[in-house]
Amino acid sequence: MSSVSELFSIALMQGFNGLSNFSVLLLMALGLAIIFGQMGVINMAHGEFLTLGAYTTYVLSEVSSRWAPWFSGSYFFVALALSFVIAAALGLLIEYLMIRHLYRRPLDSLLATWGLSLILQQAFRSVFGAREVSAKLPDWLMGSLEPTPTIDIPINGLLVMGLTLALTSLVFLGLFRTRWGIRVRATTQNRAMSGAAGINTRRVDRLSFALGCGLAGIAGAAFTTIGSTGPTSGSLYIVDTFLVVVFGGAESLIGTIASAFSIAQAQATTEFFMTGSTAKVLTLLTVILILMLRPEGLFTLKVRR
Amino acid sequence: MQSNPVFSPYVLPLAGTAQCLPESQCLPESSSLENRVPRPPENTASPSRWASLLVGLSMLFASPLLSCSKEAKSVEGTAVAAMTPAAAKPAAAGPRALAVTDTVVTVGQLHSATGTMAISETGSIQAERLAIDQINATGGILGRKIEIIQEDGASDWPTFAEKANKLLVNDKVAAVFGCWTSASRKAVLPVFERENGLLYYPTFYEGLEQSKNVFYTGQEATQQIIAGLDWVTKEKSAKTFFLIGSDYIWPRTSNKIARKHIEKVLKGTVLGEEYYPLGHTQFGSLINKIKLQKPDVVYAIVVGGSNVSFYKQMKAAGITSDKQTLLTISVTEDELLGIGGENMVGFYAAMKYFQSLENDNNKAFVSAFKAKYGEKSVIGDVTQAAYLGPWLWKAAVEKAGSFEVDKVVAASPEIELKTAPEGYVKIHANHHLWSKLRIGQVEEVGQFKVLYESGLIEPNPFPEGYQ
C-alpha cells in the first residue's frame, strides 16, 4: 500500500512524536521536580498552576484581540512570561498561608493540597465559567513544517521542545551553578545542619516553591497550543507528572529527565502498535514493576541520613 | 459489553476518580511493599514512601477505567435495585402524593451546577429554566404556575441518587428535569422507579435502556449514527473508515453500531478502531496511524479535555479538512468553544440540532435564549433537547388532564411538539423521540453550517443485529 519513502516519513514523524511527548512530560514535571523532588511536598494542586498559566494565556489573547490587534501575533510570548509571574506569585502566597505549616507532614500536605486543587478548580469555574475556553493562537504556531510532501512536523511541538530545553538548562544551571542551588540542595539534604550553617531555610523553601509553581504556569501557557483550557484541564496532567518524578527518583533532576524520556518513548511506541488504553496499561504496569524492584526510582541521591 | 451501560458522553476523569476513591484498595497493599525496604530513620520524606504512594496514586487515578466495567452489571429496561441502599424500602401503595395546589405545581431540576460536569450541564439548566419561564408566562399548566426546586448533583453519582430521593419523597415534585451522564441517570433510575417519579433526560446516549419513568429527549445511538454514515458514504464516496473513541461505554457502544453498519450495510472497510483513556492528551501516535492508513473517513467520538487536544494536534500535524474527511458525534457548539472553530474548520458533525438551523421556531428560541443568558451564549444539541422536556411534559399533562404520573405516562406516546426548535418531534411508545438527523460543517466562528437533513428517524434503543 504505502511506498518505502512514505513508511520512512511515518517513522520519522513517529520519532518526532516520541521526542515531543518527552518534552511535554518533562516540561510539566520540571516544576514538580523542584517542589516534590527537592522539597518533599506532595503538591496535588500542581495541575491547577498549569491551568492558571493556560487561563493567563486565554485572557491575554482576549485582551489583545479586542483592544490591541497588532499584538495578537506575538502576545503568546508575553503570555509565557506573565504566566510564570502570576503562578509564582500565587505559589508564594500559598506557601506562606499553607505549605510552610506542612513541611514535616507530607501526607497531610497531600490532603491539604488536594483540597486546594478543588478550591482552585471551583474558583476558575466561578471566574471563567464552567465551559472550556480557547485562546486564539497565532496561525503560524498552529501550522506544520513540510520538508517533503509526506512529512509534517508540528510547529507547536517544536515550540514545546525548545521551551523544555531552555527551561531545563536554566533549572540545571540554577541548581548546580548558583548560590541558590547550593542552598536548596543543602536544605534538601540536611535541613537542621543547613540552618546551623547560616542558610535561611524558610526563604529557600519559599523561593523554591514559587519557582516550581512558576514553571508549572509556563507549562500551562505552552500547553494551550496542544490541549484544552478549562477548570479541570490541569488535572489531566497531574498523574503523569507524579509518575515521571517518582519514577525518575524523587530527588534527582537527571532522573526526572531520564524517566520522562523512557516513559514518553515507551508510550509513543506501544501506542503506535496497539490501542491507546492498552498502551497506557502496559506503560503503567512496567513502571510499577520497576518501582517494585527499585523503590527509590531510577536515579537516587547517595546521602547518609 | 453490550450489557454494560454506565457512562454516556463526557465523563471526565476526575469525576470518576472521586467516585472510585472509597473502593481503591491499593494503598494498604502498597504500604506493605514499603515495609520490605529498610526505612531510613527520622525522615518523613523517604523516596521509598513516595514510590509506594505513587503506585497507590496511579492506581487510584486509573481506577475509573477498571471500576466502570466492574460496577455495572447490567440492566435492560429496569435498574439494578441494589445500587442504592434506599432501594430496600418497600414501594408505597397507590399513587404518590404530589406537590400540586390550586395555583402552583412544583417540579424538580437535578443537574451538576458544580464539579467536573458543570461544563456540560450548565446549558441544560439554562434551557429548562427558559422553557419553564415561557410556560409560566403563557398561563402555566392546567391553570397552575410551575415552581422549580433546583438541586445540585455536584458531578457525583451517589449525590444524584440522594437528591432525586429528596425531590421525590420530601418535595413530592410532579416531574424532574435532569441528569446528563448515563452514570448519573443509572444512579437515579432505581429511585424514580421505586417512587414512581417522572424524569426527562436530555442527553444523546448509548441506548440499551427504556424505563416507564423516564422520557429520553435526546437521541439514542442509532438515531445519531446510521443516517450520518449513510450521508458520508454517499456524499464522499467513502469506502474506508477509521473509528476513534474515548475509552468508555458511550463511544464503544456507538462505534460498535457504526462498525456493524459500515461492514454489513454499506459494504465498507474499517481500517482501525482505537480507544484512548479519558483525559488522554497526546495523540501524536494515533495521528501517524491515520496518516499511514489513509482512511476515507475518520469517525471520531472523543470527549472532554481530550477532544481539544485531539483536534489541535490534528491541525498542527497537517490533517485538515482539505485533505481528510472527518465526521464526529461528540462535538457540539459547546465543545467548539473549547476547541476553537479555527482548529476544526470544515469537519462534519452529526446531530439532531444545530444553533444555526433556519426555521422560525429556532430563531425564536435562539433569540429568547440570548435575551435571557447573554449575546455570547451558545446552544448545543443537548441544550435544545433539555428545552423540549418541560414542553413535552406540559403537552402530556394537558392531554391527561392530570399531574398523576401514571396518567401522564399513559398520555405521552404520540404527543407531537410542532414548536420544537429542531422542527418537529413526536414521543414514541418506547419513551424516546422521533427526530431528524442533520450534518453540520464546522465554521471558523464556532458555528455549524447545516448541509443535510434526514427524514424523521424512529428511535430504536435496542437495535437488533447491531449489538
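Reply: Start with B:S155, which sits in the loop between β2 (145-152) and α5 (157-170) of chain B. The model is predicted. B:S155 is not a glycine, yet its phi is positive, at about 60 degrees. Is this residue buried or exposed? B:S155 counts as buried, because it has 30 C-beta neighbours inside 10 Å, and the cut-off for burial is 20 or more.

Compare B:K294. Its phi is also positive, near 50 degrees, and it too is a residue other than glycine. B:K294 lies in the loop between α9 and β8 (297-301) of chain B. Here the setting is partly exposed, because B:K294 has 14 C-beta neighbours inside 10 Å.

Now the chain around them. Chain B holds 14 helices and 15 strands. Of its 467 residues, 57% count as buried. Among contacts in chain B with a separation of 6 or more, 74% join residues 24 or more positions apart.

Next, the core. The largest nonpolar core has 199 residues. Those touching the most other members are A:L25, A:A29, B:A164, B:V176, B:V188 and B:Y299. Helix α1 (residues 4-38) of chain A gives the largest share of this core, 16 residues. Domain 2 (82-218 + 358-433) and domain 3 (222-351 + 440-453) of chain B both contribute residues, so the core lies between them. Look at B:V176 in particular. Leaving aside residues up to four places away in sequence, its contacts are B:V107, B:G108, B:L110, B:A164, B:L167, B:G197, B:L198 and B:L199.

One helix pair is worth a look. The axes of α7 (residues 221-235) and α8 (residues 249-265) of chain B come within 10 Å and cross at roughly 40 degrees. The crossing of α7(B) past α8(B) is right-handed. From α7(B), the residues in contact are B:A221, B:T222, B:I225, B:I226 and B:L229. They meet B:T253, B:S254, B:I257, B:A258, B:H261 and B:I262 of α8(B). By class, this contact has 7 nonpolar, 4 polar and no charged residues.

Last, the contact between the chains. It takes 54 residues from chain B and 60 residues from chain A. Several elements of chain B each supply at least two residues to the side that touches chain A, including α4 (118-137), β7 (269-276) and α9 (284-293). The most comes from α3(B), with 10 residues. That side of chain B divides into 26 nonpolar, 21 polar and 7 charged residues.

Terms used. Residues numbered from 1 in each chain as written. Chains lettered and ligands numbered in written order. Predicted model: local features only at pLDDT ≥ 70, side-chain atom pairs only at ≥ 80, totals over all residues. Core = buried A, V, L, I, M, F, W, Y, C linked by C-beta atoms within 7 Å. Buried ≥ 20, exposed ≤ 12 C-beta atoms within 10 Å, placed from the backbone. Helix = DSSP H or I, 4+ residues; strand = E, 2+ residues; numbered from the N terminus. Domains from an automatic or database assignment. Contact = placed C-beta atoms within 7 Å. Nonpolar A, V, L, I, M, F, W, Y, C, P; charged D, E, K, R; others polar. Axes fitted to C-alpha atoms, helices over the stretch in contact; angles between N-to-C directions. Left-handed = near helix turned anticlockwise from the far one by under 90°.
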